[in-house]
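Hello,

Here is the structure I said I would pass on. My notes follow below it.

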Amino acid sequence: MNKQIRQYVGLLSAILVYYLVHEGAHFVYALSAGVFQRINFMGLGVQVAVASERMSNLQLGIFCLVGAAATAITACVLTLAAPRICMARSRVFRACMFYITMAMLLIDPLYLSVLCGFFGGGDMNGIALLLPEWIARLCFGVLLVINCLLFWKVILPKYKKSFVS
C-alpha cells in the first residue's frame, strides 16, 4: 500500500477512534446517570443527547468533561505505547496509530482552549459550570502546549524513525 493511501486510512481511523473515545465517554456517563436520550449524527459529527433538565450543574459539567478526559487518558496510553507500536511490522497499523495518537493529543485541547470561542461552546458550555471558562480555557491551552511539545519531541521522531527503517 502506498504512502498516500496509508495516510488516508490513518486519518480516517483517527476520526473514527476519536469519536468512539470522546463521544463514547459521554455515552457511558449519560447511561450511568440515567439521562441518555439519543445519538445525533450531524454531517461529519456525532453528538450524545441527554436530558439536561434532569441533571444538576455538576452532573452536566462532568458529562461535558468526560469526553476530553477520555481522549487525554487515551493520548497518555498511546504515547507510552509508542515505542512498542513503532516496532509493529504493519505500516498501515503504524500510520493509523500515528494519526490516532495525534488526534487524541491535539483535538480536544485545541478546541477547548481556542476554537470553542469561534464555533460555539460545545463541551465548554458544560465545563464552564464547574469552573470559570477562562480558567478552563487556560488549562486546556497549557495542555495543548504540552501535548504539542510531546508530539513534536517524542511521537513524531519515534514514528519517523519507524517508517525510515
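Helices here are DSSP runs of H or I with at least four residues, numbered from the N terminus. The model is predicted, so local features need pLDDT of at least 70 and side-chain atom pairs count only at pLDDT 80 or more, while totals for chains, interfaces and linings use all residues. Residues are numbered from 1 along each chain as its sequence is written, and side-chain values use heavy atoms, with hydrogens and water left out.

Salt bridge. The structure has 1 salt bridge (a side-chain nitrogen of Lys or Arg within 4 Å of a carboxyl oxygen of Asp or Glu). It links the side chains of E133 and R137 at 3.3 Å, N to O. Both residues are in helix α5 (residues 133-164), 4 residues apart, about one turn of the helix. E133 is partly exposed at 36% relative accessibility, and R137 is partly exposed at 24% (buried is under 20%, exposed over 50%, partly exposed in between, with a 1.4 Å probe and protein chains only).

H22. This residue is in helix α1. H22 counts as buried because its relative accessible area is 3%. Its side chain makes a polar contact of 2.9 Å with that of D123 (N or O atoms within 3.5 Å, one able to donate a hydrogen and the other to accept it; residues adjacent in sequence count only if both atoms are side-chain atoms). Beyond its neighbours within four places in sequence, H22 is in contact (heavy atoms within 4.5 Å) with G67, A68, T71, D108 and D123.

Regards

Key. Helices (H or I, at least four residues) and strands (E, at least two) are DSSP runs, numbered from the N terminus.
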